[in-house]
Amino acid sequence: MSNQTASITTGQIGFLGAGSIVEAMLSGILKKGLTAADRIFVTNRNNSERLEQLTDAYGVNATTDKLAVARASDILILAIKPKDAGEALLELRGTISPNQLIISVIAGVPTSLIGEWLGVDCPIIRTMPNTSSAVGLSATGLSANAFVRPEQLALATRLFEAIGTVHEVAEEELDIITGLSGSGPAYIYYLVEAMMGAGATAGLDREMARQLTLQTVIGAAHMLLETRAEPALLRRQVTSPGGTTQAGLEVLESYRFQEAVTAAILRATERAREMGAQYR
Ligand SMILES: NC(=O)C1=CN([C@@H]2O[C@H](COP(=O)(O)OP(=O)(O)OC[C@H]3O[C@@H](n4cnc5c(N)ncnc54)[C@H](O)[C@@H]3O)[C@@H](O)[C@H]2O)C=CC1
Ligand SMILES: O=C(O)[C@@H]1CCC=N1
């Protein structure tokens with residue numbers, strides 16, 4: 001089966017911001033053939049070395065002329081930090097027309113505030129992908145404001161479906177999605193760091209500990225997907241009474257592992273809400 005998807009737009013796609021999430025999205029979008037690299041324009045605050053790096057790696061166009069990119073983009077993807085959003089979008093005031101589609105990946109910042117900064121009633125789709133976009137495995141949530149037409153929502157959905165799964169949600173839920181699956185890859189990497197480190201500390205070759213850990217994570221994810229069984233049931237199937245897993249889980253429980261993970265996700269969600277309010 002081909003990995004390629006038909007091109008989703010003949011127009012120009014601009015990225016305001018050229019950081020980690022943009023690189024992950026570019027990589028996924030181009031791998032899937034969603035559009036030609038020469039239809040993509042990337043811009044950032046003033047780091048021309050970074051722009052050159054993206055041009056070399058992906059063949060996209062890059063410029064520090066943000067206003068030109070904003071004006072010429074049929075789809076403008078906002079990928080700047082929440083703290084920079086106000087300044088950056090106020091700079092674009094007067095350049096955006098209601099015919100353009102704005103897609104934001106900015107954590108915490110509501111569509112109402114983006115529209116206010118841009119000074120125009122335009123279609124805005126707020127999204128929360130994650131960096132697994134680079135390998136076509138993002139878990140993305142998205143929500144459209146009242147100006148988005150059905151075909152624009154369909155286009156954005158196709159764009160994110162090409163780099164992972166998509167859930168359309170109420171806008172308030174995006175803050176939870178930010179804490180859960182936007183930040184989520186970092187929690188998994190943190191666990192993997194600990195597992196690999198423990199394997200090596202206990203005496204395994206580091207590369208072998210890495211391979212065993214990764215295969216364990218992939219295997220567990222596939223078990224959850226393919227059997228559709230509850231994680232608690234799959235956990236019990238691994239846990240022989242009085243055995244090694246029970247001994248290990250008891251230690252995790254003594255460190256309140258589940259409480260820690262729950263608190264982390266709730267705190268990240270709260271932080272998304274704080275950022276939306278803090279930077280307005
Ligand atoms: N990194 C991640 O896993 C994810 C990040 N996000 C969101 O994406 C946004 C970007 O995050 P990262 O890529 O991680 O950040 P980053 O720090 O790697 O990149 C930010 C980019 O914005 C540019 N920038 C700053 N001010 C600007 C301005 N005034 N005009 C134009 N460009 C400007 C910077 O030059 C840089 O290229 C954030 O709002 C974040 O919440 C969303 C999903 C996942
Ligand atoms: O850490 C952050 O704020 C961003 C949003 C989700 C992932 N990274």
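The following paragraphs lead through a predicted model, from its sheet to the surroundings of its ligand and then to an annotated domain.

The sheet is open and is formed by 8 strands, which run in the order β3-β2-β1-β4-β5-β6-β7-β8 with mixed pairing. At its edges stand β3 (61–62) and β8 (164–168); each has a single partner strand, so one side of each is left without a neighbour in the sheet. For β8, the pairing with strand β7 (residues 138–144) is parallel and extends over 5 bridges. Within these strands, Thr-140 lies opposite Val-166 of β8. Helix α5 (residues 111–118) packs on the sheet, where it touches β5 (101–104) and β6 (124–128). The direction of α5 makes about 130 degrees with that of β6.

Attention now turns to ligand 1. Around ligand 1 there are 27 residues, of which Gly-17, Gly-19, Asn-44, Ala-88 and Ala-107 come nearest. Two helices, α1 (20–31) and α4 (82–92), each contribute at least two residues to this shell. The largest share comes from α4, with 4 residues.

The last region to consider is known from a database record. An unreviewed UniProt entry places the feature "domain: Pyrroline-5-carboxylate reductase dimerisation" at residues 171–275. In the model, the chain over residues 171–275 is 84% helix and 0% strand.

Note on methods: Residues are numbered from 1 along each chain as its sequence is written. Chains are lettered from A and ligands numbered from 1 in the order in which they are written. This is a predicted model: local features need pLDDT of at least 70, side-chain atom pairs count only at pLDDT 80 or more; totals for chains, interfaces and linings use all residues. A residue is near a molecule or strand if its C-beta atom, placed from the backbone, lies within 6 Å of it. Two strands pair if DSSP finds at least two bridges between them. Two residues are in contact if their C-beta atoms, placed from the backbone, lie within 7 Å. Axes are lines fitted to C-alpha atoms, for helices over the stretch in contact, and angles run from 0 to 180 degrees between N-to-C directions. UniProt positions are given in the numbering used here, feature names are shortened, and annotations may be inferred rather than shown by experiment.
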